[in-house]
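Dear colleague,

Please find the structure below, together with the sequence. My notes on it follow, arranged by topic.

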Amino acid sequence: MRMVDLIEKKRDRESHSKAEIRFIIDGYVRGEIPDYQMAAWAMAVFFRGMSLEETAELTLAMAQSGDQLDLSTLGGRFVDKHSTGGVGDKTTLLLGPMVAACGVPVAKMSGRGLGHTGGTIDKLSSVPGFRVELTQEEFLLQVKKIGLSVIAQSGNLVPADKKLYALRDVTATVNSIPLIASSVMSKKIAAGAQGIVLDVKYGSGAFMKTVEQARILAKTMVDIGKELGRQTIAVLSNMNQPLGRAVGNSLEILEVVDALQGKGPADLMEVSLELGGWMLVAGEVVPDVETGKKNLRQSLQDGAAWHKFLAFITEQGGDVQAVIERRLTVGPWDLPILAEESGYVQPFDAHKIGVLAMTLGAGRVTKESPIDLGAGVVLAKKAGEWVKAGEPILLLYSSNKEKLAEAFELAQNLTSVGSEEPQLPLLIEEIIK
Ligand code: URA
């Protein structure tokens with residue numbers, strides 16, 4: 001087989017056989033296929049697409065390109081969750097303890113953030129002492145002991161995706177449904193998930209700007225899951241508004257601390273209960289999503305989820321007292337954006353709030369750039385809430401005064417107040433399974 005013939009084939013709208021897909025992925029990981037040929041192939045896929053059979057084989061070939069976790073030795077049914085990324089999306093940190101408290105073990109590998117969407121691993125890094133890197137043995141032992149661990153993705157898990165994603169990032173081929181779907185699903189499959197719950201977001205703060213695009217992506221991932229024998233459920237959720245009030249690493253952990261003690265913002269709780277309910281269904285501990293949600297609410301009321309979170313922080317070396325006493329680094333510089341008049345706060349643009357948090361230092365500009373863990377934005381008022389003239393709408397935090405000043409300028413145009421209460425769209429659009 002020659003790579004040039006396979007590029008030509010895809011360019012001319014033909015389908016690849018399973019053997020051809022294996023040849024491409026294995027050859028690329030081994031360094032036998034150079035970046036320039038892989039880039040040409042990715043561009044051909046971008047324009048010509050792939051059938052479900054091709055996409056499923058691509059997923060499997062990538063999943064098998066490196067280490068694969070075998071969770072079967074731990075017993076139980078493992079369910080993983082993935083979000084396509086949004087602004088203020090801290091659902092993993094809330095769901096891990098809630099779902100584990102309801103009897104479904106959570107062994108999760110998560111990513112760092114890039115661009116305006118934050119990563120779970122960065123958020124956890126804002127807890128003093130918390131170890132985001134464990135050996136595979138430590139990871140599995142912890143899951144066995146308390147039913148919950150969240151770590152940074154290990155070095156040799158899905159090397160094909162690591163290499164291909166980096167190439168796509170610089171060749172304008174990220175935004176291709178079969179390439180995104182296989183990238184996401186290969187990581188879930190290599191991490192040993194038997195059930196997969198996907199939060200596919202759409203809107204200004206999401207990868208997919210329209211619900212139609214998100215639906216196609218969700219359906220493709222659900223179909224790949226079916227094809228590969230993993231129960232997969234996708235929740236389509238709206239990301240035009242930031243989720244919850246906090247955007248930024250320490251700030252989001254503090255919001256999770258509140259939410260686990262029953263004081264979470266309504267939108268964050270709605271999305272988390274929906275996703276968690278489906279995780280319990282996929283984990284086969286409840287017959288339907290409503291029973292799942294009821295159990296999750298119970299885990300909040302009786303403190304089981306909160307105690308699971310504290311056990312999780314403790315096991316991974318985090319300073320649990322700092323978490324309980326809310327002593328995480330925030331700011332230290334802060335500035336409010338005040339309402340000039342009284343009225344209903346009008347919808348924000350989630351993408352712009354994400355960029356604002358980045359400007360304050362909360363996100364990465366490049367993969368290597370450092371993060372200001374105490375930086376970010378708090379929506380003192382969410383869209384639709386009443387604000388009095390002179391009250392804060394946004395609170396800005398940073399450790400860097402220049403960045404704070406720059407963000408303050410930017411934030412002036414991001415808020416508006418009106419006499420009409422805005423009609424906000426549904427948060428959960430559809431379930432695809
Ligand atoms: N997230 C992923 O993991 N992969 C993609 O290709 C896009 C988003």
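In which helix does Asp267 lie? Asp267 belongs to helix α12, which covers residues 266–282; helices (H or I, at least four residues) and strands (E, at least two) are DSSP runs, numbered from the N terminus.

Some notes on the source come before the rest. This is a predicted model, in which local features need pLDDT of at least 70 and side-chain atom pairs count only at pLDDT 80 or more, while totals for chains, interfaces and linings use all residues. Residues are numbered from 1 along each chain as its sequence is written, and side-chain values use heavy atoms, with hydrogens and water left out.

Surroundings of Asp267

With a relative accessible area of 13%, Asp267 is buried (buried means under 20% relative accessible area, exposed over 50%, partly exposed in between, with a 1.4 Å probe and protein chains only). The side chain of Asp267 makes a polar contact of 2.5 Å with the side chain of Lys382. A polar contact is a pair of N or O atoms within 3.5 Å; within protein, one must be able to donate a hydrogen and the other to accept it, and residues adjacent in sequence count only if both atoms are side-chain atoms. Leaving aside residues up to four places away in sequence, Asp267 touches Pro242, Leu243, Gly244, Lys382 and Leu427 (contact means heavy atoms within 4.5 Å).

Salt bridges

Side chains of opposite charge can pair when their charged atoms come close. The structure holds 25 salt bridges, each defined as a side-chain nitrogen of Lys or Arg within 4 Å of a carboxyl oxygen of Asp or Glu. Three of them are described here.

Lys188 and Asp80 form a salt bridge through their side chains, at 3.4 Å from N to O. Because Lys188 sits in helix α9 (residues 177–190) and Asp80 in strand β1 (residues 79–83), the pair ties together parts that are 108 residues apart in sequence. Lys188 is buried at 5% relative accessibility, and Asp80 is buried at 5%.

The side chains of Arg364 and Asp122 also meet in a salt bridge, at 2.9 Å from N to O. Arg364 lies in the loop between α16 (350–360) and β9 (376–379) and Asp122 in helix α6 (residues 120–125), so this pair ties together parts that are 242 residues apart in sequence. Arg364 counts as buried at 9% relative accessibility, and Asp122 is buried at 3%.

Another salt bridge, at 2.8 Å from N to O, joins the side chains of Glu315 and Lys145. This pair links distant parts of the chain, with Glu315 in helix α14 (residues 304–315) and Lys145 in helix α7 (residues 136–146), 170 residues apart. Glu315 is partly exposed, with a relative accessible area of 31%, whereas Lys145 is exposed at 60%. Salt bridges with shared partners also join Asp80, Lys108 and Lys188 into one network.

The ligand site

Which residues are around the ligand? They are Tyr165, Arg168, Ile180, Ser183, Val184, Lys187 and Phe207 (a residue is near a molecule or strand if one of its heavy atoms lies within 4 Å of it). Helix α9 gives the largest share of this shell, four residues, and α8 (159–169) and α9 each supply at least two.

An oxygen atom of the ligand lies 2.9 Å from a polar side-chain atom of Arg168. A nitrogen atom of the ligand is 2.6 Å from an N or O atom in the side chain of Ser183. For the side chain of Lys187, an N or O atom is 2.5 Å from an oxygen atom of the ligand. Of the 240 Å² of accessible area that the ligand has on its own, the protein covers 88%; accessible areas come from the Shrake-Rupley method with a 1.4 Å probe, and for residues only the protein chains shown count as cover.

Domains and backbone

The domain assignment gives domain 1 (3–49), domain 2 (72–324) and domain 3 (333–418), with bounds that come from an automatic or database domain assignment. The C-alpha centres of domain 1 and domain 3 are 44 Å apart.

The peptide bond from Gly331 to Pro332 is cis, with omega near 10°, and Pro332 is found in the loop between α15 (320–324) and β7 (333–338). Arg326 is found in the loop between α15 and β7 and has a positive phi of about 55° although it is not a glycine.

With kind regards
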